[in-house]
Amino acid sequence: MGKTVSENEQAQVEEVINEAGKVYLPPCQIACPLDEDIQRSHTMIALLPPDAGEASSRMIEIGDEIYEKNPLFPICSYICGLCEQECNYKDQTGAVRRRMLIRPIAEHYLLYLETKPPLPAPTKEKVAVIGGGPGGLMCAYILSRKGYRVTILERSQELGGALRYIPRYRSPKNVVDSTINNLLRIAHIEAKLGVKIGDGGKTLDDLKSEGYRAVFIATGTPLSRPLTIERELVTGADLEGVMSGLNLLFAVNQERVSPQLFQGERVIVVGGGNVAFDVARTARRLGGDVALVCLECEDKSSKDGIPADIEEIEGATEEGIKIIYSRGIEEIIGEDGKFRKIKCPRCTSVFDEDGRFNPKCDWSDVIYLEGDVLLITIGQGPERALFQQEGLLNEMGRLDIDHLTLMSNLKQGVFIGGDVRRVGFAAEAMREGMIAAESIDRYLKGEDLKAGRGKEYEGASIPECLEYKPQPALKWAPAEARLNFEPFEKPFTLEEVIAEARRCLYCGPCKSCKGCVALELQPEIPEIEVNEDLCSGCGICVGVCPYDASKLEKTEKGLISVIDDLKCKRCGVCVSACPSGARTIKDKLAETIANTYATL
């Protein structure tokens, strides 16, 4: 039987505010740019039946809940993991592997996605989204849900933006295509491809004359940053064999290069981020003998530590890629117009005392690295022509945007966000799309764009346990078997997914989860009451509570125990341990049992 409206309302999560006035959540959810209800979905996954057939409908329900907040979650299940970086478990035995938990849900959900019913057809004002990357797609989806008629204007011949640069061994093309195509269908989003805005193409005034009442610009950062040293361009970048790593990734994903492009050649990749490692591992798969050189040091705990994820570094090392740390590029040296080697002084520091990127080198400590191909991958930048022509840059030549609402301070009704504003992860660009959609909705309704939006957050601490369960290892194909573009990370089985979800410590408040209510294990979150007349203030409840939810307070009658409702998990340990019977769970257990028997 389906739930009634009131039952559905009981299962809706609530925003929990602590005494400091901050939104109180598990740290994983705070870290998630999209505010996914991570604890809730972990609860629901943990209680899946181990039989795949029986679990199917429940997995679709879980997918539906995640899709509401993140329609790109099938893609994120391959490429994200920001929440894991803040998991309370990370400093114990290792973070809960959220990405691997969600992937089987996503793969199952993709089959259903082809038949997922569309949203109601939008009827409100027209809104233009310039750029079809993660930020633009997210903004378009939310606005369509709110009833606006949205058109994405994309200059290339396919949507996805930066998602189209991620190697297929990390992000399968069919997953990206299916997720994006179904998002357009479900949300009634119109996509116009090959449309140029600015720099000789359409202007914002043209869009206004076509009836668009607001515009979100999310054009990303398609340009590779040039190689510099002490703010000066490094000479030799125009030599044959010197290439942009970003261009290589795009060309490979478009299947425009030979599978043996670098066979027998020495390839040097410059850069220390995840994209640089994507380039290095791609070049290795194209037959190259690859070395990666970076300014940063090997110690990731240092302020000058390499920024790439540890899994990227480990994977590259296993695949035979040599990593050369703490070296800058002073000069690119050629012979007969072709690249031959680079001159690399030792980098003594990457960031200055104020935390600004300001590399310093020891010019007396120099090595030379010889190669046939040099792939520069040190970051990306935006195309500025549109912003210059439309008067969206201030006198300093920078985007002038309200950072809370993302509306331009120089032109009303124009909103700017995503990587073009601040380069980050795909989920962070999607967050900017969410913010822009909320702002556009308020703008078109004539509402205050800022009211109630500047929230502060506080993360729940880790519960105390006698021991913490070990983190499961990732399962990778052997290095010699994975030098191709097939996904090499083996998915968890359903049993492994359930076991890993059960490893979650469920740190956050019950009311911001309500997974047990959604699963109909209980009709509502129960309360625990303390009978002050019976409480002796012995403190046993304080000693046994793993969540730090029990405290002793002084009153006129003496010490009595109190409960911190934000931290209490209603586990009942304190109730069982109380020698005076002063604590009671108001959980309607007897009523639930009676109703269950009545249905048999």
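**View 1. Glu520 sits in the loop between H16 and E22.** Helices (H or I, at least four residues) and strands (E, at least two) are DSSP runs, numbered from the N terminus. Although Glu520 is not a glycine, its phi is positive, at about 65 degrees. With 53% relative accessibility, Glu520 counts as exposed; buried means under 20% relative accessible area, exposed over 50%, and partly exposed in between (1.4 Å probe, protein chains only). A quick note on what you're looking at: this is a predicted model, where local features need pLDDT of at least 70, side-chain atom pairs count only at pLDDT 80 or more, and totals for chains, interfaces and linings use all residues. Residues are numbered from 1 along each chain as its sequence is written, and side-chain values use heavy atoms, with hydrogens and water left out.

**View 2. His188 is another spot with a positive phi, near 55 degrees, in a residue other than glycine.** Look for His188 in the loop between H8 and strand E4 (190–193). His188 has 33% relative accessibility, so it counts as partly exposed.

**View 3. Glu36 and Arg98 form a salt bridge.** The term stands for a side-chain nitrogen of Lys or Arg within 4 Å of a carboxyl oxygen of Asp or Glu. Here the closest N and O atoms are 2.8 Å apart. Glu36 lies in the loop between helix H2 (27–31) and helix H3 (38–46), while Arg98 belongs to helix H6 (residues 98–113), so the pair ties together parts that are 62 residues apart in sequence. Both partners are tucked away: Glu36 is buried at 11% relative accessibility, and Arg98 is buried at 5%.

**View 4. Arg155 pairs with Glu383 in a salt bridge, with the closest N and O atoms 2.5 Å apart.** This pair links distant parts of the chain, 228 residues apart. Arg155 is in the loop between strand E3 (149–154) and helix H8 (173–187), and Glu383 is in the loop between strand E17 (380–381) and helix H13 (385–389). Arg155 is partly exposed, at 44% relative accessible area, and Glu383 is partly exposed too, at 37%.

**View 5. A network of salt bridges links Arg170, Asp278, Arg281, Arg285, Glu312, Glu318, Glu319 and Arg482.** Side chains of opposite charge can pair when their charged atoms come close. Across the whole structure, a search finds 53 salt bridges.

**View 6. Helix H7 (residues 134–145) and H8 cross at roughly 25 degrees, their axes coming within 10 Å.** Axes are lines fitted to C-alpha atoms, for helices over the stretch in contact, and angles run from 0 to 180 degrees between N-to-C directions. H7 and H8 are therefore roughly parallel to each other; angles under 35 degrees count as roughly parallel, over 145 as roughly antiparallel, 65 to 115 as roughly perpendicular and the rest as oblique. The crossing of H7 and H8 is left-handed, meaning that the near helix is turned anticlockwise from the far one by less than a right angle (right-handed if clockwise).

**View 7. H6 and H15 have axes that come within 9 Å and cross at roughly 135 degrees.** That angle makes H6 oblique to H15. This crossing of H6 and H15 is left-handed.
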